[in-house]
2 protein chains.
Amino acid sequence: MGEGAVQTNVEAGLEAAEPARPSAVGSETAQTFSITDLAREFGVTSRTIRFYEGEGLILPERRGTTRLYSRGDRARLAWILRGRAVGFSLADIRELLDMYAPGQGRRPQLEAALAKSRERVSALYDQRAALDATIAELEHFCRTIEAQL
Amino acid sequence: MGEGAVQTNVEAGLEAAEPARPSAVGSETAQTFSITDLAREFGVTSRTIRFYEGEGLILPERRGTTRLYSRGDRARLAWILRGRAVGFSLADIRELLDMYAPGQGRRPQLEAALAKSRERVSALYDQRAALDATIAELEHFCRTIEAQL
DNA sequence: ACCGATATTGACGTGAACGTAAAGGTGAGG
DNA sequence: CCTCACCTTTACGTTCACGTCAATATCGGT
């Protein structure tokens, strides 16, 4: 089955579609979501989201023991899933998120981050080439079949 | 089951730079490769290639017990690895290769193949969008870091 | 004949990314 | 108060894609 269209807006999420029925109450601006809200919205299971938390990829707040996801958390999850969609491992994703995170950057760390980012970009370009080639081949194959009808 | 080696050329292999030092000699046109030749050329282990054979993805000839890969087999392996690079599972790859293989196609089978191919193409376009977005973000991130120097 | 390099077939191990119970807490509603 | 629906943790199971021995040929060279 196809993978859903993943909305990403890590940097401040402006919503276009539905507010996804905020679980409940509170301040209008501080919208929160339950784990199943996000699970449904992104087409994954709650287990998956909890697993990501165990891996240190998200850290929602808690009301008692229950998880409360902010819009920032939601955007972060979207980013994670998009990373997954392009083939990143969860370790990759954590590393990238860690790089994004802190305005905190001492010089050597910044240079390391830059190097790693460039490597990844280069790898992604390779991947894109493979992707384009595969698409081209499959489309050609489709045309070939269509011709046989 | 047919005994004949029904080799699928996958559209005549796109050759890399070097012939990769054919294991040995013989007829000029019927060039063959050892498993380690291919392993080195494609940067995988022999184990991986044997595993793919176990999964029914390649069927090289044998000289005694030793595997002999033709250029067709080599191209097929290249296809497999490219499929892997875009995130296909081995089951996906097998299915696609099976679809490619036979000029043998009765009508309903062709239509099924067409449908599946179109689904995949569509998924690949989604994946490409995710890829482009990720590349764009990472490049932006790089520029941001560069600015901080 | 011997040696070292490379080949083979099992068979078991492994890391990643979850799935799947099992057992229990929590709040709203009838 | 009791049920229902949804949340929680703990923990073991599973699939995929190989890795890693181990034991055993085979082949080329000295």
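1. Let me start with the confidence scale: pLDDT is the predictor's confidence in each residue, from 0 to 100. Chain A has a mean pLDDT of 84, with 80% of its residues at 70 or more. Over residues 1-27 of chain A, pLDDT stays under 50, and the model has 41 contacts there beyond four places in sequence; two residues are in contact if their C-beta atoms, placed from the backbone, lie within 7 Å.

2. A word on conventions before you read on. This is a predicted model, in which local features need pLDDT of at least 70 and side-chain atom pairs count only at pLDDT 80 or more, while totals for chains, interfaces and linings use all residues. Residues are numbered from 1 along each chain as its sequence is written, and chains are lettered from A and ligands numbered from 1 in the order in which they are written.

3. On to the fold of chain A. It has five helices and three strands, where helices (H or I, at least four residues) and strands (E, at least two) are DSSP runs, numbered from the N terminus. Their order from the N terminus is β-α-α-β-β-α-α-α. Of the 149 residues in chain A, 21% are buried; a residue is buried if 20 or more other C-beta atoms lie within 10 Å of its own, exposed if 12 or fewer, and partly exposed in between, with C-beta atoms placed from the backbone. Counting contacts in chain A between residues at least 6 apart in sequence, 54% join residues at least 24 apart.

4. Buried in α5(A) are A:S117, A:L124, A:Q127, A:L131 and A:T134. Their cover includes α3 and α5 of chain B.

5. Now the contact between the two chains, which takes 34 residues from chain A and 32 residues from chain B. On the chain B side, α3 (71-85) and α5 (107-147) each give two or more residues, and α5(B) gives the most, with 25 residues. By class, this side of chain B has 16 nonpolar, eight polar and eight charged residues. Here Ala, Val, Leu, Ile, Met, Phe, Trp, Tyr, Cys and Pro count as nonpolar, Asp, Glu, Lys and Arg as charged, and the others, Gly among them, as polar.

6. The largest nonpolar core has 20 residues, and A:L38, A:I49, A:Y52, A:L77, A:I80 and B:L131 have the most contacts inside it. A nonpolar core is a set of buried Ala, Val, Leu, Ile, Met, Phe, Trp, Tyr and Cys residues joined through C-beta atoms within 7 Å. Two or more residues come from each of α1 (35-42), α2, α3 (71-85) and α5 (107-147) of chain A and from α5 of chain B, with α3(A) giving the most, five residues. Apart from this core lies another, of 13 residues, among them B:F33, B:Y52, B:Y69 and B:L77.

7. In chain B, α3(B) has 15 residues and reaches 21 Å from its first C-alpha to its last, close to the 21 Å expected at 1.5 Å a residue. Its buried residues are B:D73, B:R74, B:A75, B:R76, B:L77, B:W79, B:I80 and B:G83. They pack against α5 of chain A together with β1 (32-33), α1, α2, β3 and α4 (90-100) of chain B. After α3(B) comes B:G87, whose phi is positive, near 100°.

8. Finally, the DNA. The surface near DNA strand C takes the most from α2(A), three residues, and divides into four nonpolar, nine polar and four charged residues. Around DNA strand D there are 17 residues, of which A:S34, A:T36, A:R67, B:S89 and B:L90 come nearest. The surface near DNA strand D takes the most from α2(B), with three residues, and its classes are four nonpolar, nine polar and four charged.

Terms used: Expected span 1.5 Å × (residues − 1). Near = placed C-beta within 6 Å.
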